[in-house]
Amino acid sequence: MQVGKNFILGEYVIIKKPEKLKVGDNVRIADFCRISSACEIGSDCEIAPGTYIAGGDGKYKFSMGDYSSLASGVRIWLSSNDYVNELITHSVPYVKEIQGDVTMEKYTGIGTNSVVMPNNHIPEGVSIGALSFVPPNYPFEPWTVYAGRPIKPIKKRNKENILKTLKKLDH
């Protein structure tokens, strides 16, 4: 496990593959989180209680850019059953799964109890509302708010104001 300065790890966090975890500066992972895949977290990030990052058995990676967050109860899946084309089980050989990395760029956030399926690239500035479902390979646009089951674009985020706030932090 590689960790930066000011890393706060909750007492009740399970990290199944600590050798595949890389964490930047000023990061907090709250209690009751479970991380069982390769994971790279940028600086100034927060993962709230009860979040799961799972699937892919270390072959796929979850990446989180600087100044990003996962709210309580978020589920990030790097591997999942294909409920349309395959058996729904992990115990039978040759069952194909939906698999892939999940990447969050800088200034992104995912709301409480949302589910993100494998193979998603969430571009800079995207915000996903609470209780949302993100299907595999969703075609995001930067600096946009999404919400729903499945998600849809709601409105553009105020990029200028967000970046102005960051400049205030630098002084």
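Which residues does P118 touch, not counting residues up to four places away in sequence? With contact taken as heavy atoms within 4.5 Å, P118 touches W77, L78, S79, S80, I98, Q99, G100, D101, V102, P136 and N137. The structure is a predicted model, in which local features need pLDDT of at least 70 and side-chain atom pairs count only at pLDDT 80 or more, while totals for chains, interfaces and linings use all residues. Residues are numbered from 1 along each chain as its sequence is written, and side-chain values use heavy atoms, with hydrogens and water left out.

One helix and 22 strands make up its list of elements, where helices (H or I, at least four residues) and strands (E, at least two) are DSSP runs numbered from the N terminus. The radius of gyration, taken over C-alpha atoms, is 16 Å, close to the 16 Å that the globule rule gives for 171 residues, so the chain is as compact as a globular protein of that length. That rule is 2.2 Å times the number of residues to the power 0.38. Along the principal axes, the C-alpha atoms fill a box of roughly 55 × 35 × 20 Å. Of the 171 residues, 42% count as buried; buried means under 20% relative accessible area, exposed over 50%, and partly exposed in between, with a 1.4 Å probe and protein chains only. Among contacts with a separation of 6 or more, 22% come from residues 24 or more positions apart.

Back to P118, which lies in the loop between β17 (115-116) and β18 (120-122). Its relative accessible area is 0%, so P118 is buried. Leaving aside residues up to four places away in sequence, T51 touches F32, C33, R34, L70, A71, S72, G73, V74 and R75. In strand β21 (residues 144-148), G148 is partly exposed at 24% relative accessibility.

The cysteines come next. A disulfide is a pair of cysteine sulfur atoms within 2.5 Å, and a search of the whole structure finds zero of them. The sulfur of C33 is 10 Å from the closest cysteine sulfur, in C39, which is too far for a bond. C39 is in no disulfide either, as the nearest cysteine sulfur, that of C45, is 9.8 Å away. Both C33, at 3% relative accessible area, and C39, at 1%, are buried.

Finally, the pockets. The largest pocket is lined by 14 residues, of which G55, W77, S79, S80 and H90 lie nearest its centre. β13 (79-81) and β14 (97-99) are the elements that give two or more residues to this lining, and β13 provides the largest share, three residues.

Definitions and conventions
1 Å grid on protein atoms, 1.4 Å probe; cavity = no way out; pocket = protein on both sides within 12 Å on 5 of 7 lines; lining within 4 Å.
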